[in-house]
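Please keep the sequence and the 3D view open as you read.

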Amino acid sequence: MPEGDTVWLTAHRLHAALAGRPLTRSDLRVPRLATVDVTGRTLLDVTPRGKHLLTRIEGGLTLHSHLRMDGSWRIYTPGQRWNGGPDHQIRAILGTATHTAVGYRLPVLDLIRTSDESSVVGHLGPDLLGPDWDAEEAVRRVCADPSRPLGEALLDQRNLAGIGNVYKCELAFMARVTPWLPVGELEPGVPERLIATAHRLLEANKERFDRRTILTTDRPDRKLYVYSRKNHPCYRCGTLIRRQEESGRDRISYWCPGCQSGPEPPARPGG
């Protein structure tokens, strides 16, 4: 599940492999970009912004991509077999003399002017892994609507950029509240601790794809508290973890009814 830490690592690996070198191959496999060819231009920089990737190319161009649920960028050396998925899932290929980056299942792929990057990322709140990180501003934005459920507030990239469904569930568990508790009902000091924990967790995971939110344990098999652990016992109290799909695959919540206080999930239509 790509979240801010995955995007940060992806950007840094792409940058290390491609930046500063002229492109020897360019293939953008989406209809509106099918005739675009940036071969010969130097790839200047790959920058993460929340869950967005900004690949800057000589001539004032930026290739903007977003991984969403299951997109990925893979990097290959000459002769190495591509293994990120079948060919029909490839949306972008950027190659240099030494490496080729292949974008699989990219739901968002746009080529824009670098000067217009604000049109795709200007709405984002403080970036948990960015140079603009501002914990106080993130807390202010998350708490701006006291009636809003905590899970929604954490997922809103306008509040803070980088949190996805995994961290939403894990952070609510650490705060001992359900994702449906209105943020205005959090105990004093909890929002500040929650945002600080989010920053600490993404920092701890940004250099590895094997994400963990359980950072202090002698059990390496225990990586996450609740996410993807439906019907498994809670590590804290033994209650079986529950799962609720709210509005599609990207809005699945996991929580422990024994440890987390607050409202239960709203009833699903027709349920």
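Is Arg 105 buried, partly exposed or exposed? Arg 105 is partly exposed, because its relative accessible area is 22%. On this scale, buried means under 20% relative accessible area, exposed means over 50%, and partly exposed is in between, using a 1.4 Å probe and protein chains only.

A word on what you are looking at: this is a predicted model, in which local features need pLDDT of at least 70 and side-chain atom pairs count only at pLDDT 80 or more, while totals for chains, interfaces and linings use all residues. Residues are numbered from 1 along each chain as its sequence is written, and side-chain values use heavy atoms, with hydrogens and water left out.

Arg 105 sits in the loop between S8 and strand S9 (108-113). Helices (H or I, at least four residues) and strands (E, at least two) are DSSP runs, numbered from the N terminus. The backbone of Arg 105 has a positive phi of about 55 degrees, although the residue is not a glycine. Arg 68, also not a glycine, has a positive phi of about 50 degrees; look for Arg 68 in the loop between strand S5 (61-66) and S6. Most residues other than glycine have a negative phi.

Now find Thr 96, in the loop between strand S7 (90-95) and strand S8 (100-104). Thr 96 counts as buried because its relative accessibility is 7%. Leaving aside neighbours within four places in sequence, Thr 96 is in contact (heavy atoms within 4.5 Å) with Ala 17, Leu 18, Arg 21, Pro 22, Leu 23 and Thr 24.

Ala 16 belongs to helix H1 (residues 4-18). Ala 16 is exposed, with a relative accessible area of 56%. From Ala 16 to Asp 37 is 21 residues in sequence and 22 Å in space, C-alpha to C-alpha.

## Helix H3

In helix H3 (residues 135-142), the buried residues are Ala 138, Val 139 and Val 142. Seen down the axis of H3, these buried residues fall within an arc of 100 degrees, so they line one face of the helix. The arc is that of the directions from the helix axis to the C-beta atoms. The buried residues of H3 pack against helix H4 (150-155) and helix H6 (190-205).

At the start of H3, a side-chain oxygen of Asp 134 comes to within 3.2 Å of the backbone nitrogen of Glu 136.

## A cavity and a pocket

On a 1 Å grid over the protein atoms alone, a cavity is a set of points where a 1.4 Å probe fits but cannot get out, and a pocket is an open set with protein on both sides within 12 Å along at least five of seven lines; lining residues have an atom within 4 Å of a point. A search of the whole structure finds one cavity of 30 Å³ or more. The largest cavity has a volume of about 50 Å³, and its lining includes Trp 8, Pro 48, Asp 127 and Leu 202.

The second largest pocket has a volume of about 390 Å³, where a volume is the space filled by probe spheres set on grid points joined across faces, edges and corners. Of its 22 lining residues, Thr 6, Thr 10, Ser 72, Arg 74 and Phe 209 lie nearest its centre. H1 and strand S6 (72-76) are the elements that give two or more residues to this lining, and the largest share, five residues, comes from S6.

Conventions. A polar contact is a pair of N or O atoms within 3.5 Å; within protein, one must be able to donate a hydrogen and the other to accept it, and residues adjacent in sequence count only if both atoms are side-chain atoms.
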